[in-house]
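Hi everyone, thanks for coming. Let me put the model on the screen, and then I'll walk you through a few parts of it.

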Amino acid sequence: MWIYTFRRILATIPTMLAVITVCYLLLHLTPGGPFDSERKVSDAVLANLQAKYHLDLPLWQQYLYYLKGLLQGDLGASFRYADWSVNDLVAAALPVSLTIGGGAILLSIIIGVGLGITAALKQNSFIDYFVMLIGNIGSTIPSFVLGPVLILVFAIWIPVLPAGGWNEFDLRFIVLPLSLLTFINVSTIARVMRGSLIEVMSSNFIRTARAKGLPLKTIVFRHALKPALLPVVSVLGPLAISSITAAVVTESVFSLPGIGKLIVNGASNRDYTLVLGLVVLVTVVAVLLNLLVDLAYALLDPKIRY
């Protein structure tokens with residue numbers, strides 16, 4: 001297991017380097033600069049700004065400067081937020097995104113696996129049809145449609161929750177964005193869990209367990225759950241990454257000061273050190289999540305390690 005873990009960690013390095021390089025080139029080759037604006041800046045001021053941010057150097061030297069800063073944990077200085085580094089901006093926004101995104105993933109796993117098991121054991125019943133209906137709604141209606149609907153219902157028609165904003169000391173601000181992201185993820189996990197458990201329950205070793213007279217609870221939780229979880233684990237990585245993408249929309253809809261909103265502001269302001277820093281952060285998170293999923297898969301199925 002340790003050799004497999006070491007190999008997987010080594011494989012993440014070229015992936016992250018490739019993503020950073022491609023994003024760096026794309027952002028710097030895009031027409032327009034961070035100091036282009038309707039208000040004309042004098043040539044002397046522009047030259048000083050470019051020298052301060054190393055923009056007067058050839059692109060390959062700028063890239064090496066950026067990599068050197070990354071190795072030291074420095075994501076660079078923001079072009080638009082005066083006296084703020086990208087590290088400072090990320091440190092201020094990350095707790096909001098982690099609270100919403102991390103909480104949504106955790107709740108999604110608990111609720112989605114529970115609903116999937118229930119639907120599989122009650123196949124072709126009302127509960128099964130209800131879970132499948134939730135799955136279809138969550139997978140077909142985009143978050144930028146569901147978000148305003150939640151605001152309309154729970155903030156305007158039944159004014160029990162705030163429509164947006166953030167207050168870390170008031171949990172009511174978390175409910176709507178957390179519910180939106182959880183609902184989207186639950187639909188996927190529940191459908192995958194249901195299909196996987198139905199397939200496992202029709203296996204020969206489960207028939208043998210039934211023939212021995214074992215209770216259904218023992219058959220499900222001792223024999224069927226572990227193999228049935230493998231497909232669920234395999235979708236958790238892409239699901240977590242798609243949650244990051246959905247968080248961009250969710251944070252914009254609910255006006256949350258998180259990473260998603262920071263990406264939108266950085267892109268609209270041509271603050272490409274900020275955008276690149278956030279892309280690096282998201283890439284590292286995505287690679288780590290995929291690594292954790294691979295390790296969890298190897299724990300559940302030892303054949304994967306070889």
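**A walk through the helices**

So, to begin: buried residues make up 38% of the 306 residues in the chain, where buried means under 20% relative accessible area, exposed over 50% and partly exposed in between, with a 1.4 Å probe and protein chains only. Please keep in mind that this is a predicted model, where local features need pLDDT of at least 70 and side-chain atom pairs count only at pLDDT 80 or more, while totals for chains, interfaces and linings use all residues. Residues are numbered from 1 along each chain as its sequence is written, and side-chain values use heavy atoms, with hydrogens and water left out.

What is the chain built from? It has eleven helices and zero strands; helices here are DSSP runs of H or I with at least four residues, strands are runs of E with at least two, and both are numbered from the N terminus. Along the principal axes, the C-alpha atoms fill a box of roughly 85 × 55 × 35 Å. Of the contacts between residues at least 6 apart in sequence, 73% join residues at least 24 apart, a contact being heavy atoms within 4.5 Å.

Now to the record. The unreviewed UniProt entry carries the annotation "transmembrane region" for residues 9–27, 89–117, 129–159, 171–193, 228–254 and 274–300; such annotations may be inferred rather than shown by experiment, and their positions are given in the numbering used here, with feature names shortened. In the model, residues 9–27 are 100% helix and 0% strand, with end C-alpha atoms 28 Å apart. Residues 171–193 are 96% helix and 0% strand, and there the ends are 30 Å apart, again by C-alpha.

Next, please look at helix 1 and helix 11. Helix 1 (residues 2–29) and helix 11 (residues 272–300) have axes that come within 10 Å and cross at roughly 155°. The axes are lines fitted to C-alpha atoms over the stretch in contact, and angles run from 0 to 180 degrees between N-to-C directions. The two are therefore roughly antiparallel, since angles over 145 degrees get that label, under 35 counts as roughly parallel, 65 to 115 as roughly perpendicular and the rest as oblique. In their contact we find 18 nonpolar, five polar and two charged residues. For the classes, Ala, Val, Leu, Ile, Met, Phe, Trp, Tyr, Cys and Pro are nonpolar, Asp, Glu, Lys and Arg are charged, and the others, Gly among them, are polar.

Threonine 283 sits in helix 11. Is threonine 283 buried or exposed? Threonine 283 is buried, at a relative accessible area of 11%. Beyond residues up to four places away in sequence, threonine 283 touches Met16 and Val19.

Leaving out neighbours within four places in sequence, histidine 28 contacts Leu59, Gln62 and Tyr272. Glutamine 62 belongs to helix 3 (residues 59–71) and is buried too, at 10% relative accessibility. With the residues up to four places away set aside, glutamine 62 touches Tyr24, His28, His54, Leu55 and Leu57.

Helix 6 brings Ser143, Leu146, Gly147, Leu150, Ile151 and Phe154 to the contact, and helix 7 brings Leu176, Leu180, Phe183 and Ile184. By class, that contact has eight nonpolar, two polar and no charged residues.
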